[in-house]
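Thanks for coming. I will go through one model today, starting with a charged pair and ending with some backbone details. Please have a look at it first.

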Amino acid sequence: MGPLYNGTTCGTIKEGQNCITHGRPDLGYLYWRWQPSQCNLPRFDPNTFFNLLSNKHIAFVGDSMARNQLESLLCMLATASYPNLVYKNGEDNKFRRWHFASHNITVSVYWSPFLVKGVEKSKTGPDHNELYVDVVDERWGSDLEHIDMVVLSIGHWFLHPAVYYEGGSVLGCHYCPGLNHTEIGFYDVMRKAIKTALKAIIERKSTDGNGIDVFLTSFSPSHFEGEWDKAGACPKTKPYEEGEQMVEGMDADMRSIAIEEMEAAKVNAKQFKGLRLETLDVTKLSLMRPDGHPGPYMYPFPFANGVQEHVQNDCVHWCLPGPIDTWNQIVLEVIRRWSVVSKREE
């Protein structure tokens, strides 16, 4: 049936992910549908979402994947009710909030690429990121008392050079030649960041008595063929066949960290009422979709003047509409099942 929305009906699509409006000629990527084995995944129904989450505040917290997923959700919801932008702050729309007056639903996005406190590299500051792995990022942490559902999404920023702090002293670093710190890689640091974030959510929401639903989106693989900074591209126009690509290497490791930390947090959360935690495991279904990225269409009509020698490609984020819409379909189905279970318990 194809997507619920398109680039002209939805006003909140980030420019670089508006592939159709930017002239992407092939549209087959819009019509593939992920079908999980042993169960049916219904088409996204905005009215079901509104009914299940009326009077709630939903927050997407993390990096540009969190924002990509948020914008997908907004586009699908906007087919049934208009979102009013009620707050924005930060360059590049890093902190925004919308309100659906029809059902009193608030949807927010918080830029927090590590979930923990961090100082991002900048032209004026350090040329590496600095992370405090045991301190939650209060830009979103301080708002937790007003949040009913949170979707966390991190991963790609941990690949950048960084220095890590724990307990006030340097823990080590990732790719920091010349700084005389111990190279410790990023896997354990990402694990600590997720642990810190989930611990903060559980501790704060278990004391305020309101409960919270937490989703942690697993790592979404990129599809650069060649090096991303050396003219790497993602030219495929069809999904991989089953078995053609496996979740392995870094993709598998990043996914495992998310799943293991969420499972540990679930055990911790069991002692409190009203906390529901789940991993949104999108790694494989995303890996199978090399056709779903903007590629060169992150820019409008990149081949208008003929084929250029070097065109930058985005093989990390997802076209809107596109495969990332499936992530929100899964979220809605999980929420719907939760509501069925809690009705039975009543």
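Lys205 is buried, with a relative accessible area of 1%; buried means under 20% relative accessible area, exposed over 50%, and partly exposed in between, with a 1.4 Å probe and protein chains only. Before I go on, the ground rules: this is a predicted model, in which local features need pLDDT of at least 70 and side-chain atom pairs count only at pLDDT 80 or more, while totals for chains, interfaces and linings use all residues. Residues are numbered from 1 along each chain as its sequence is written, and side-chain values use heavy atoms, with hydrogens and water left out.

Back to the lysine. What does Lys205 form a salt bridge with? The partner is Asp208, and the closest N and O atoms are 3.1 Å apart. By salt bridge I mean a side-chain nitrogen of Lys or Arg within 4 Å of a carboxyl oxygen of Asp or Glu. Asp208 is partly exposed, at 27% relative accessibility. Helices here are DSSP runs of H or I with at least four residues, strands are runs of E with at least two, and both are numbered from the N terminus.

How many salt bridges does the structure hold? The count is 20. Side chains of opposite charge can pair when their charged atoms come close. One of the salt bridges joins Arg255 and Asp281, with the closest N and O atoms 2.7 Å apart. Arg255 is in helix H5, residues 249–269, and Asp281 is in the loop between strand S11 (275–280) and helix H6 (283–287), so the pair ties together parts that are 26 residues apart in sequence. Both ends are partly exposed: Arg255 has 27% relative accessibility, and Asp281 has 33%.

Arg97 and Asp143 form another, at 3.6 Å between the closest N and O atoms. This pair links distant parts of the chain, 46 residues apart: Arg97 is in strand S3 (95–100), and Asp143 is in the loop between helix H3 (138–141) and strand S7 (149–153). The relative accessible area is 23% for Arg97, which is partly exposed, and 23% for Asp143, also partly exposed. There is also a network of salt bridges that links Arg191, Lys195, Glu260 and Glu261.

Now H5 itself. Its 21 residues should span 30 Å at 1.5 Å a residue, and the end C-alpha atoms are 30 Å apart, which agrees; the expected span is 1.5 Å times one less than the number of residues. Among the buried residues of H5 are Met254, Ile257, Glu261 and Met262. Their cover includes H4, S10, S11 and H6, where contact means heavy atoms within 4.5 Å.

Next, helix H7, residues 325–345.

What angle do helix H2 (residues 64–77) and H7 pack at? About 75 degrees, with the axes 9 Å apart. That makes H2 roughly perpendicular to H7. The axes are lines fitted to C-alpha atoms, for helices over the stretch in contact, and angles run from 0 to 180 degrees between N-to-C directions. Angles under 35 degrees count as roughly parallel, over 145 as roughly antiparallel, 65 to 115 as roughly perpendicular, and the rest as oblique. From H2, Met65, Gln69, Ser72, Leu73 and Met76 meet Asp325, Trp327, Asn328 and Val331 of H7.

Thr217, in strand S10 (212–217), touches both Gln69 and Trp327, and its other contacts beyond four places in sequence include Val151 and Leu280. Thr217 counts as buried, at 2% relative accessibility. The side chains of Thr217 and Gln69 are joined by a polar contact of 3.3 Å. A polar contact is a pair of N or O atoms within 3.5 Å; within protein, one must be able to donate a hydrogen and the other to accept it, and residues adjacent in sequence count only if both atoms are side-chain atoms.

Last, the backbone. The peptide bond from Leu320 to Pro321 is cis, with omega near -5 degrees, and Pro321 is in the loop between H6 and H7. Phe301 lies in that loop too, and its phi is near 40 degrees, a positive value in a residue other than glycine.
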